[in-house]
Amino acid sequence: MKIVLWFISLIALTALQGSVLNPVVVKGIRPDFILIAVYFFGAGYGDVRGGLLGAVIGFIMDVISAGPVYINIFTKFFAGYLAGIIDRGVQNPGFALHAGLLFMLSLIQSTGILIAYVFLGTVQFPDDLIYVAIPQAVLDGLFGGLVYLLVFRRKRDTVSRWESVLK
Amino acid sequence: MLKFPSVNKKILAAFFLVIGIFVLLSPEIKEKPHFYFFERPFAFSINVIQSGFDSIFSGISSVWSDYIALVNVRVENQRLLAENQRLQSESVFLQEKAFAADRLMELLKLKDTLKKEYIIATIIAKDPVSWSSAVVISKGGKDGLRPNMGVITEGGVVGRIVKTTPDYSRVLLLSDRNSSIAGLIQRTRFEGIVAGSFGRPLKLNYITITSDVQKGDLVLTSGTDGVFPEGIVIGRISKVNSPKNAMFHSIEVLPGVNLLNVKEVMVLKTPPAPEIERLLKEGLD
């Protein structure tokens, strides 16, 4: 049931991301709330589920975006999958770690988009990196960290998962 | 609680591969002027939700602007009354000039390119991805809108329709990297192509290095792209670079419309030029 709720929430979030109700825009760049949500889903439910849900939501995002290629299906799948893998080996992640990981994931996502644009012949290097990719990654990292503080922060086990498995 | 079926790594790898193939094929899907059967339900449902969000936003903002933000209205009203009087006298003068121009056009048998039928639409959503500049408007195929119709405001060009559903249309903004419009410099009539560039000024390409271009020159649509009629404002030249041994100027143009804050737009209900129509049909086949 929780997964269905997650899915419905993510659909609503996808609609909100592009809607006029979304107040968070910095010079035309919006934090990628879908990436942030898929990341936390992947971290909470594991790599496979994270990847699959990321792909579905990425596909919907691609449908409603004017981008020239279906790229979010790939990048969101990767984000959810990677979040699941990272979470397995991380102990007590805090604001800084979540923000840092989301910064990295956003940059990886932007690299994927840039590669697609290279093939399409529309890449504008280094402007794309300076004016879009890096500001986007900073926003994603900051908002991801903030979402963690406000929503997902909870007391975690002080013993790492590996240690508990060994015990 | 629902349980996901256990998916092993091989299935995941296969899934990864399928997604990869889909991504590689997607430019073909994306450039079509309509939505495919597998896209339609998602596009429709998300647009309906966004339309609901827009209604909520409009409600809140109208309460704010109609009741709360009425400070300084008296001063503003006095200023507007004075401006109205000035504009009325100016309007009479311009009407006289327009009548004279009409008479001359009639004499010269010139076609009036500025008289266009248009429809007003509201922007209900923006592109969810920062890499693309597009908006969704509240009018679609039911209202007679079709791909490649021009979208403008009183300030100038906004973009063109790229996809339509019966109730909504997607407009590719002037600032998108995949957007290009035929433009000309008003003062010298040199023609070029205005291309989008996200987060930065537009670029006016293919103006030869020997041409006279100055900062502050107005750039208008040239009408040769078959989408926009001649004479609509695109923007104003903000920077001109003329590198040595280059063939063309490097020109930056600031759009006439603040594309980040547009709320309502006018769609020019003129069918695209026959050549564009033909290309569109070829694309559909």
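**View 1. Chain B, from burial to fold.** Of the 285 residues in chain B of this predicted model, buried ones make up 37%. The chain's secondary structure runs to four helices and twelve strands. Take the contacts in chain B between residues at least 6 apart in sequence, and 58% of them link residues at least 24 apart.

**View 2. The largest nonpolar core, with residues from both chains.** This core counts 57 residues, and the ones with the most contacts inside it are Trp6(A), Tyr39(A), Phe40(A), Ile73(A) and Trp131(B). Two or more residues each come from α1 (2–18), α2 (33–45), α3 (47–64), α4 (72–89), α5 (95–120) and α6 of chain A, along with α1 (9–30) and α2 (40–68) of chain B.

View 3. Leaving aside residues up to four places away in sequence, Trp6(A) touches Ala37(A), Phe40(A), Phe41(A), Tyr45(A) and Phe152(A). Another core, of 37 residues, lies apart from the largest one and includes Ile119(B), Met149(B), Val158(B) and Val257(B).

**View 4. Asp128(A) and its two arginines.** Asp128(A) pairs with Arg177(B) in a salt bridge, with the closest N and O atoms 2.8 Å apart. Asp128(A) sits in helix α6 of chain A and Arg177(B) in the loop between β5 (169–173) and β6 (180–185) of chain B, so this pair joins two chains. Both of these residues are buried. Asp128(A) also meets Arg200(B) in a salt bridge, at 3.5 Å from N to O. Arg200(B) belongs to the loop between β7 (191–195) and β8 (202–205) of chain B, so this pair, too, joins two chains. Arg200(B) is buried as well.

**View 5. A salt bridge within chain B.** Arg187(B) and Asp212(B) form a salt bridge, their closest N and O atoms 2.9 Å apart. Arg187(B) is in the loop between β6 and β7 and Asp212(B) in the loop between β8 and β9 (218–221), so the pair ties together parts 25 residues apart in sequence. Arg187(B) is partly exposed at 41% relative accessible area, and Asp212(B) is partly exposed at 35%.

View 6. Phe95(A), Ile134(A), Val138(A), Leu142(A), Leu146(A), Leu149(A), Leu150(A) and Val151(A) make up a nonpolar surface patch of about 710 Å². Helix α6 (residues 127–152) gives the most to this patch, with seven residues. Leu149(A), in helix α6, is partly exposed, with a relative accessible area of 35%.

Methods. Residues are numbered from 1 along each chain as its sequence is written. Chains are lettered from A and ligands numbered from 1 in the order in which they are written. This is a predicted model: local features need pLDDT of at least 70, side-chain atom pairs count only at pLDDT 80 or more; totals for chains, interfaces and linings use all residues. Side-chain values use heavy atoms; hydrogens and water are left out. Patches are made of residues with over 30% relative accessible area and no salt bridge: like charges are joined within 9 Å, nonpolar side chains (Val, Leu, Ile, Met, Phe, Trp, Tyr) within 5 Å. Accessible areas come from the Shrake-Rupley method with a 1.4 Å probe; for residues, only the protein chains shown count as cover. A salt bridge is a side-chain nitrogen of Lys or Arg within 4 Å of a carboxyl oxygen of Asp or Glu. Buried means under 20% relative accessible area, exposed over 50%, partly exposed in between (1.4 Å probe, protein chains only). A nonpolar core is a set of buried Ala, Val, Leu, Ile, Met, Phe, Trp, Tyr and Cys residues joined through side-chain atoms within 4.5 Å. Contact means heavy atoms within 4.5 Å.
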